Amino acid sequence: MSTMTAEATQVYSVFIRATPEQVWDAITKPEFTAKYFYGARIENSENGHRSLGPDGSVWGDEPTFEYEPPRRLVHGWRSLYDPELAEEERSRVTWEIEPQEGGITKLTVVHDQLERAPKTAESVSGDGWMMVLSGLKTLLETGEPLVEVSEGEAS
Amino acid sequence: MADDDRVFKALADPTRRHLLDRLFERDGRTLTELESELEMTRFGVMKHLRVLEDAGLVTTRRSGREKLHFLNPVPIRLIHDRWIDKYTEHRVATLADLKTQLEEHA
């Protein structure tokens with residue numbers, strides 16, 4: 001999106017008309033993530049973060065550092081879907097889920113420790129996380145995915 | 001106030017747009033850094049940052065003793081999806097109709 005160097009700490013947040021439990025399910029269960037995360041089937045559990053692309057290839061396979069349903073999830077990140085990005089060092093993704101007044105939940109994603117992964121930092125900035133969060137909001141509020149990803153289509 | 005109203009209100013001020021541009025250039029800044037680039041009191045900058053934070057356009061994180069301000073572009077994307085796409089789509093549709101009409105009469 002821009003020519004500047006992407007930041008080593010990136011913060012994104014969105015208010016979603018849903019309960020913390022619904023948000024938690026949407027970020028930890030593959031049947032949900034497939035509808036908004038570039039088609040990836042992501043399973044986040046105490047044992048790890050595992051992401052499969054629509055074609056079944058491994059997009060991510062990292063440890064889970066913190067697992068506190070339905071409030072906080074911290075896991076490692078390496079973009080295995082791109083050989084150039086996969087070579088970079090592991091970064092970290094933190095999901096924070098905070099209930100607000102009026103049935104609203106605030107979801108914040110912090111992608112940090114990107115100092116030694118500048119290409120990954122660039123690739124997830126701009127549209128990267130933003131599309132994930134706006135897609136997640138749309139899915140939870142309307143039940144419809146923002147973008148249809150067909151089987152076998154890599155993003 | 002609805003989410004969209006907060007975002008539009010926050011963007012309807014040149015100082016606040018300037019603050020967003022500064023954070024776009026380099027993210028994760030302290031109040032002191034942001035204040036040094038503006039001809040405004042610390043209190044004034046704080047007030048503007050608060051409006052941006054309420055609209056969800058700025059998120060703050062603690063890092064040791066410092067409070068860092070981060071640009072959160074998600075609400076602008078949502079405004080784009082909700083307001084801009086809708087009208088540009090309409091314009092494209094109008095052109096498509098015009099093309100059909102002109103071709104019918106050709």
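Predicted model: local features only at pLDDT ≥ 70, side-chain atom pairs only at ≥ 80, totals over all residues.
Domain bounds here come from an automatic or database domain assignment.

**Chain B**

In chain B, domain 1 covers residues 1–72 and domain 2 covers 74–106. Taken over C-alpha atoms, the centres of domain 1 of chain B and domain 2 of chain B are 33 Å apart.

Five helices and two strands make up the secondary structure of chain B. Read from the N terminus, its elements follow the order α-α-α-α-β-β-α. Chain B has a radius of gyration of 20 Å, while the globule rule gives 13 Å for 106 residues; the value is well over that, so chain B is more spread out than a compact globule.

| Property of chain B | Value |
|---|---|
| Box filled by C-alpha atoms, along the principal axes | roughly 70 × 25 × 25 Å |
| Residues that count as buried, of 106 residues | 21% |
| Contacts between residues 24 or more positions apart, among contacts with a separation of 6 or more | 51% |

**The sheet in chain A**

Chain A holds an open sheet of three strands in the order 2-3-4, paired antiparallel. Strand 2 (41–45) and strand 4 (58–62) of chain A are at the edges with a single partner strand each, so one side of each has no neighbour in the sheet. On average, neighbouring strands of this sheet are turned by 5 degrees against each other, direction ignored.

How many bridges join strand 3 of chain A to strand 4 of chain A? Four bridges link strand 3 (residues 48–52) of chain A with strand 4 of chain A, and the two run antiparallel. A:L52 sits opposite A:V58 in strand 4 of chain A.

Note on methods. Residues numbered from 1 in each chain as written. Chains lettered and ligands numbered in written order. Rg over C-alpha atoms; globule rule 2.2 N^0.38 Å. Buried ≥ 20, exposed ≤ 12 C-beta atoms within 10 Å, placed from the backbone. Contact = placed C-beta atoms within 7 Å. Pairing = 2+ DSSP bridges. Axes fitted to C-alpha atoms, helices over the stretch in contact; angles between N-to-C directions.
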